[in-house]
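Welcome! Please have a look at the structure below, and then work through the exercises with us.

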Amino acid sequence: MTLKNNTRDFDPEIVTDFREKMSYGAYLNLPTLFDSQKPVSVPEHHDELLFIIQHQTTELWLKLVLHELQAAIEALRQDQLAPALKGIARVKHIQRTLTEQWSVLATLTPTEYAQFRHFLGNSSGFQSYQYRAVEFALGNKNRRMLSVFEADAPAHALLTTTFEAPSLYDEFLHYLLRAGYDIPAAVLERDVTEAWTYHPELVHTFRGIYENASEHWAAYEACEELVDLEDNFQLWRFRHLKTVQRIIGMKHGTGGSSGAAFLQKALELTFFPELFAVRTEIGA
């Protein structure tokens, strides 16, 4: 069937009267969403809208990442590995979207950004409480980060709860113990408010899983999903660093950080170090 005058007719069942029905815009609360981009530059700079939308969409995706990680943690707590891995798989797709999104912000040139950067004051991505909550959920705990959010009671409450709870990795190791794997008591009894540090004794357990994958397929698959998760996180961090270097070079960040130098240090942080260390042992 060809279109007449390059126009298609409405299907007869399409709803067009929304005076008493919920519409797409109402369901998504689009008026509020679209009213949330409020440039502060005077006169308003054309590229500030890009800057705002970039960071707002990142926050929306982070909200979903945190939602999925919390569900995955709970699933592991209940020995439901398959739903946990499903959630982690979704997080991995979100991570790819977040990483690719930096390419949009990278179209902002140093000259363009310099024309409105000073209007941002002390605001900085360093102050993203959802990003910190995601790091906490993955095991990169840092008590000092809580002080940044003391003026924001809801954010501080969320971060405190996530900070004090076992991480995804903690719950995975407890799951492995219940599944019959040898997990050292020192690991199981550790203070979960401390950042995860390397436990060499865990490498032996993971080596057994990897070298006999067919016998331990569920655990093997879960390990690889966690490796993917960390790989993706590091790619996001690296893309963030390179975008910052591209736009502001080595200038300090608006919130007082050292900027690119501070982001460079983040590349040394790790979530699941034993899952990477085991690769050196396999076949050795």
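The model is predicted, so to speak of a local feature a pLDDT of at least 70 is needed, side-chain atom pairs count only at pLDDT 80 or more, and totals for chains, interfaces and linings use all residues. Residues are numbered from 1 along each chain as its sequence is written, and side-chain values use heavy atoms, with hydrogens and water left out.

**Exercise 1.** Is Asn5 buried or exposed?

Solution. First locate Asn5, in the segment before helix H1 (24–27). Its phi is near 55°, a positive value in a residue other than glycine. Then apply the cut-offs: buried is under 20% relative accessible area, exposed over 50%, and partly exposed in between (1.4 Å probe, protein chains only). Asn5 has 66% relative accessibility and therefore counts as exposed.

**Exercise 2.** Locate Asn29 and classify its accessibility.

Solution. Asn29 belongs to the loop between H1 and H2. Its phi is positive, about 55°, although Asn29 is not a glycine. With 40% relative accessibility, Asn29 counts as partly exposed.

Key. Helices (H or I, at least four residues) and strands (E, at least two) are DSSP runs, numbered from the N terminus.
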